[in-house]
Amino acid sequence: MNLRQKLLTTFGGLALLTLVTAGMTTWTLNKWRNSERQLQEHYERSLLVKEIQGTTFRAFKELPDSVTGGDNDAREEFEELIAATTPDFEQWAALAHNDQEHQQIQQVRNNYKTLLKEARKVFDLVDAGRRKQALILLDEHVEEEVLENFEKVTEAAIESDRQNRRVIRTQVQNARRTAQLALSIVAFGTISLVLLLLGYLTSDLFTPLREVKQALDDAKRGNWQRRLDEERTDEFGAIAQAYNQMLEEMASRQQVVELAAIPVSDLKKDSHWQKMSSRVILHQMVSQLRSRVANLSSNNTTEDKKALIAQLDLLLQAVSRIAEFGFPLDLNLARTNIRTLICEVLQRFQPELIERAVSIEFDIDPAVNYAVVDRLKLRSALGELIRNALNALPEEGGRLGVRTTVNEDGTELKIEVADNGKGIKQPLIEQAFTPLASENGNTPGVGLALTKAIIQQHGGEITLKSEPEQGTYVQILLPLGA
């Protein structure tokens, strides 16, 4: 898992826990609000039932007054009291939440209607002058049966609301405990993720950053021996690989520069030159030259003067190589005509090609035009490839091929150089770009190492294929700039 995925996973977990916390809080609040609303409604239901019950009982007190007391207004007062229960019934029905409560209301209403029906029968008997029958109906049927049934169903409705309130309170308590437990788990998870994030930032972010800074500081002071840990699979592992590869390439290029400064004759005689820096080599060459000049007199022979001139040439070659390739990272990029550049490279070898009767095959794709490159360094790199190809050919004859094409999407330039010379053995192909001098004293290894450094610095790739006595094929891939 890379750094981005780790951070996204950690912060995603924190965001998820935040959403869970917000969700639990919202759920708890909604549960509490709904419970409070239901409790309030059940209180109102109970109050309405009691109001209906009380109003009905007050209304039925008019029955005995009408039967035994001779109250002529008892029926009118009864109807006025009964009429007051109508809005209470409607409001009670509006507060019903389920079918059971609706059935309960209907049951009370039915008993209420039966009670009114029997009460009006009593009033009708009183109005007809049949007070004795009215009294019997009132005592034996209305009060003992109908009114008791009405009282039972209304008390049952009140008790049902009371039980529902207890159930609601229990649900609220359970919801509160559930929310507390969930929030505790979320809080624990949040704290764990925060601690995990701190540990991750400390071990997987801050520590690698300190190591990278220390490595860069060491490189700044000239110590290129430190290497970063490449075992990580995230972005820091890629940075470590790139940093280590950069140091290896810089060390390889520095080795190329050191070897390029060594006189070929001295390189073949003594290998201790390879352990010296280019500054020491130049200093020794200048010191030797100064000593020879100081000892130069009119008695010196022509060979001495030729030897002095030869040493001057070696010094000039060494200085030229270091001046040209001492800082291969510095490229002077410019829009360059690749066709013209390749023609210039081949033109440099034209006399030798004619003298040695080398057959050359030259093919440039019409699509090859301009590219953003360092013209001088790329020319030197191509010249080195042509020089190595000529060295692999026999003294006379042989074939040399140069071909240049552009890929289909026009983003990459391919340059191919091939010969049918003596080739290279397979185990030596891997070492072809290492800065080692060859036995013939021409130091082709230095040139190939410099060529590889130049191509890589352009963002390209170079590959070499070869078989003994069959020839060598080199391919260069360069990105095309605007």
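**View 1. Residues lining the largest cavity.** Ile342, Val345, Leu346, Leu382, Ile386, Val402, Ile415 and Val417 form the lining of the largest cavity. The model shown is predicted. Sorted by class, its lining comprises eight nonpolar residues, with no polar and no charged residues.

**View 2. Secondary-structure elements around the largest cavity.** At least two lining residues come from each of helix 11 (338-348), helix 13 (375-392) and strand 5 (412-419). Helix 11 makes the greatest contribution to the lining, supplying three residues.

View 3. Ile338, Leu341, Ile342, Val345 and Leu346 are the buried residues of helix 11. These residues lie on the same side of helix 11 because they span an arc of only 130° around its axis. An α-helix has 3.6 residues a turn, so residues three or four places apart point the same way. Gln347 and Arg348, by contrast, are exposed on the other side of helix 11. Among the buried residues, Ile342, Val345 and Leu346 also belong to the lining of the largest cavity.

Technical notes:
Residues numbered from 1 in each chain as written. Predicted model: local features only at pLDDT ≥ 70, side-chain atom pairs only at ≥ 80, totals over all residues. Heavy atoms only, no water. 1 Å grid on protein atoms, 1.4 Å probe; cavity = no way out; pocket = protein on both sides within 12 Å on 5 of 7 lines; lining within 4 Å. Helix = DSSP H or I, 4+ residues; strand = E, 2+ residues; numbered from the N terminus. Nonpolar A, V, L, I, M, F, W, Y, C, P; charged D, E, K, R; others polar. Buried < 20%, exposed > 50% of the residue type's maximum accessible area, 1.4 Å probe, protein only. Arc of directions from axis to C-beta.
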